[in-house]
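Subject: Structure handover

Hello,

Here is the structure I promised to pass on. Please open it alongside these notes.

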Amino acid sequence: MNVVRAIYPGSFDPLTNGHLDLIERGSKIFEELIVAILRNPEKDPLFTFSERRAMLEQMVSSFPNVRVEIFEGLLVDYAMKKNAKAVLRGIRAISDYEYELQMALMNRKLQPQLETVFMMPAEAYSYLSSRLVKEIFRLGGSVRGLVPELVEQKLREKFTELPLESK
Ligand code: PNS
């Protein structure tokens, strides 16, 4: 059988309902979907890889064809190692398009066998981003409905454990 495996890569710091929406859509068109968290030493994430992985694993447990992994290095190399045929990325608005197109074309140049598939999340999530979620939460705003309850609870825990000067 020709199983189509796709990679959904990202930082997921933290996972939002927009990511989950895309995972659900992707799980319906690909036989296997690997949600791959980038281990990027240059970034200064709020949540550690294992925290992000744990949250994602809990939230995708109801999708039997979705699993979570951590990757480093070039996405195309990781995708080839996993025998994936496609990379799944979400496009929320025109503003995402330029960056996503550049990445997709560069990935195609590096590995012509790998296709990038773009999907649109539900309109309700078209203005949602992990960066804004963190900013809103840090400044005391409500992120209800924007992230899963589990993530909201983890944000609460994270911000109570952070030293005052980094809040
Ligand atoms: O959620 P993000 O931060 O928008 O995800 C970006 C990600 C992880 C997809 C991108 O940075 C990536 O693929 N990094 C791996 C390194 C790589 O392959 N770089 C060349 C991209 S053309």
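Below are the notes on the ligand site, the pocket and one loop.

This is a predicted model, so to speak of local features a pLDDT of at least 70 is needed, side-chain atom pairs count only at pLDDT 80 or more, and totals for chains, interfaces and linings use all residues. Residues are numbered from 1 along each chain as its sequence is written, and side-chain values use heavy atoms, with hydrogens and water left out.

Ligand site

The ligand is surrounded by 13 residues, each with a heavy atom within 4 Å of it. The closest are G10, S11, K43, L75 and R89. By class, the shell holds seven nonpolar, four polar and two charged residues. Here Ala, Val, Leu, Ile, Met, Phe, Trp, Tyr, Cys and Pro are nonpolar, Asp, Glu, Lys and Arg are charged, and the others, Gly among them, are polar.

β1 (5–10) and α4 (94–110) each supply at least two shell residues. α4 gives the most, with three. Helices (H or I, at least four residues) and strands (E, at least two) are DSSP runs, numbered from the N terminus.

S11 places a polar side-chain atom 2.6 Å from one. L75 uses a backbone N or O atom, at 2.8 Å. For R89, a polar side-chain atom lies at 3.0 Å. The ligand taken alone exposes 560 Å², and the protein buries 75% of that. Areas are Shrake-Rupley values with a 1.4 Å probe.

Pocket

The ligand sits in the largest pocket; that is, more than half of its atoms lie within 2 Å of the pocket's grid points. A pocket is an open set of points on a 1 Å grid over the protein atoms alone, where a 1.4 Å probe fits, with protein on both sides within 12 Å along at least five of seven lines. The space in this pocket is about 1,200 Å³, taken as that filled by probe spheres set on the points.

Its lining has 41 residues, each with an atom within 4 Å of a point. G10, S11, K43, R89 and Y99 are the closest to its centre. Two or more lining residues come from each of β1, α1 (17–29), α2 (49–59), β4 (86–90), α4 and α5 (130–138). α4 has the largest share, eight residues. The lining divides into 18 nonpolar, 13 polar and ten charged residues.

Loop between β1 and α1

F12 is in this loop. F12 is not a glycine, yet has a positive phi of about 50 degrees. P14 lies in the loop too. A cis peptide bond joins D13 and P14, with omega about 0 degrees.

Best wishes

Definitions and conventions: Polar contact = N/O pair within 3.5 Å; in protein donor to acceptor, adjacent residues only side chain to side chain.
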